[in-house]
Amino acid sequence: MLSLRNYPKFLKLFNIILIGIGICYPFALYFFPENEILFASMTLICLLRMLSVQESYQRAIWAVLSAIFLIYFFANIQELAYLYPIFINALLGTIFAISLKDEAIITKIAKKQASLKGKILDQKAISYTRNLTKIWIIFFILNAFISFILIFLDDKIYWTLYCGVVSYILIGILFGAEILYRNFILQAE
């Protein structure tokens, strides 16, 4: 099977492009709600993303997203086009939740960073990163829920602003608050 994982430089660039497209998507959808090129492009992007991930559940989610964009492309069911951020949040929430079965994803990241500095995470840090993973899961669930509710408003500007601006600001606030908490409050204890 063709896999983009065999091309790490391309995969890194592709992931950056995908993040950029994800940020721009709500605005593209708002200004060009019936643009077939947008949905054909998103179908292709999701299919390529499906080829770049390792886990079968991740491939399944990207396959579903591809199908949604493909259905929209052919059937023109506009509500389907608004599900993209919901599925992205569901994907991230699922990845974080599944990681709790073993070593939490944030724990893995923290261990990798600690090992680069020649350090080892203690049990307190492992517990902290596991709890932080749970906080992010709650965030992703709430973010998906708000995005879903906003689909039903007649004026899609609210969905666009939330999915294209507010949700990213909230991510930044959560990320920044965690850094401040870890660096100032935890280290003071």
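How many helices and strands does the secondary structure of the chain come to? It comes to eight helices and zero strands, where helices (H or I, at least four residues) and strands (E, at least two) are DSSP runs numbered from the N terminus. This is a predicted model, in which local features need pLDDT of at least 70 and side-chain atom pairs count only at pLDDT 80 or more, while totals for chains, interfaces and linings use all residues. Residues are numbered from 1 along each chain as its sequence is written, and side-chain values use heavy atoms, with hydrogens and water left out.

**Overall layout**

- From the N terminus on, the order of elements in the chain is α-α-α-α-α-α-α-α.
- The C-alpha trace of the chain spans about 55 × 40 × 25 Å along its principal axes.
- The chain has 189 residues, and 37% of them are buried; buried means under 20% relative accessible area, exposed means over 50%, and partly exposed lies in between (1.4 Å probe, protein chains only).

**Packing of α2 and α3**

- Two packed helices are described by the angle between their axes and the distance between the axes.
- Helix α2 (residues 36-52) packs with helix α3 (residues 56-75) at an angle of about 165°, and their axes are 8 Å apart. Axes are lines fitted to C-alpha atoms, for helices over the stretch in contact, and angles run from 0 to 180 degrees between N-to-C directions.
- The angle therefore makes α2 and α3 roughly antiparallel to each other; the classes are roughly parallel under 35 degrees, roughly antiparallel over 145, roughly perpendicular from 65 to 115, and oblique for the rest.
- The crossing of α2 past α3 is left-handed, a term used if the near helix is turned anticlockwise from the far one by less than a right angle, with right-handed used if clockwise.

**Salt bridges**

- The whole structure holds two salt bridges, each defined as a side-chain nitrogen of Lys or Arg within 4 Å of a carboxyl oxygen of Asp or Glu.
- One joins Glu103 to Lys111, with the closest N and O atoms 2.4 Å apart. Glu103 is partly exposed at 26% relative accessibility, and Lys111 is partly exposed at 36%.
- Arg182 and Glu178 meet through their side chains in a salt bridge of 2.8 Å, N to O. Because these residues are four apart in helix α8 (residues 157-188), about one helical turn separates Arg182 and Glu178.
- Arg182 counts as partly exposed at 34% relative accessibility, whereas Glu178 counts as buried at 9%.

**Nonpolar surface patch**

- Ile138, Leu142, Phe145, Ile146, Phe148, Ile149 and Phe152 form a nonpolar patch on the surface, and together they have about 690 Å² of accessible area.
- Patches are made of residues with over 30% relative accessible area and no salt bridge, like charges being joined within 9 Å and nonpolar side chains (Val, Leu, Ile, Met, Phe, Trp, Tyr) within 5 Å.
- Accessible areas come from the Shrake-Rupley method with a 1.4 Å probe; for residues, only the protein chains shown count as cover.
- Ile149 sits in helix α7 (residues 123-151) and is partly exposed, with a relative accessible area of 41%.

**Individual residues and distances**

- Arg49 belongs to helix α2 and is buried, with a relative accessible area of 17%.
- Arg49 and Phe14 are 35 residues apart along the chain, and their C-alpha atoms are separated by 8.4 Å.
- Asn76 lies in the loop between α3 and α4 (78-81) and counts as partly exposed at 43% relative accessibility.
- Asn76 and Ile16 are 60 residues apart in sequence, and 29 Å apart in space from C-alpha to C-alpha.
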